[in-house]
Amino acid sequence: MKTGFKAFNKGLKCRDLQYEENKEYKIKCTPVLCENGFHYCENPLDTLDYYDLCDSEFAEIEDHGKSETDGNKTVTNHIKIKAKLDFKGFVKASIDFLFEKIKIDDKIQAASGNYS
């Protein structure tokens, strides 16, 4: 299982689908980026490449299916919408993601002995 963040139009709508918190959604076919499936980003800030901060809604998700990633976008065939994020929650999730990334990068550098 992977976690990530999904952006929506107002009302948790995306491509004519109405989503709800704490619900799972599945498709039977293989997910294909930009064609079919449920799209999300691992970094909450990457969702802003696809949706406007002020005119959208955001949620934390879990990916329980077969997925494909290209760049900063992932598509899956089985997604769970965990919790809708208000602005404060979106900012906190973004900061938490970045701090976790820094910790991982620091561990990699320490293991390899590469410090600038």
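**View 1. Glu60 counts as partly exposed, at 25% relative accessibility.** Partly exposed is the class between buried, under 20% relative accessible area, and exposed, over 50% (1.4 Å probe, protein chains only). The model shown is predicted: local features need pLDDT of at least 70, side-chain atom pairs count only at pLDDT 80 or more, and totals for chains, interfaces and linings use all residues. Residues are numbered from 1 along each chain as its sequence is written, and side-chain values use heavy atoms, with hydrogens and water left out.

**View 2. Lys82 and Glu60 form a salt bridge, with 3.5 Å between the closest N and O atoms.** This pair links distant parts of the chain, since Lys82 belongs to strand β9 (residues 78-85) and Glu60 to strand β6 (residues 56-63), 22 residues apart. A salt bridge here is a side-chain nitrogen of Lys or Arg within 4 Å of a carboxyl oxygen of Asp or Glu. Strands (E, at least two residues) and helices (H or I, at least four) are DSSP runs, numbered from the N terminus. Lys82 is partly exposed, its relative accessible area being 27%.

**View 3. Glu62 also forms a salt bridge with Lys82, the closest N and O atoms lying 3.7 Å apart.** Glu62 is in strand β6 and Lys82 in strand β9, so the pair ties together parts 20 residues apart in sequence. Glu62 is buried, with a relative accessible area of 14%. Glu60, Glu62 and Lys82 are linked in a network of salt bridges. Side chains of opposite charge can pair when their charged atoms come close.

**View 4. Within helix α1 (residues 87-112), Asp96 and Lys92 are four residues apart.** About one helical turn separates the two residues. They form a salt bridge whose closest N and O atoms are 2.7 Å apart. Asp96 is partly exposed, with a relative accessible area of 39%. The structure holds four salt bridges in total.

**View 5. Three strands make an open sheet in the order β5-β8-β7, with antiparallel pairing.** Strands β5 (38-40) and β7 (67-70) stand at the edges with a single partner strand each, so one side of each has no neighbour in the sheet. Neighbouring strands of this sheet are turned against each other by 20 degrees on average, direction ignored. Angles run from 0 to 180 degrees between N-to-C directions, and axes are lines fitted to C-alpha atoms, for helices over the stretch in contact.

**View 6. Strands β7 and β8 (residues 73-76) run antiparallel and are joined by four bridges.** Two strands pair if DSSP finds at least two bridges between them. Ser67 has Thr76 in β8 as its bridge partner.
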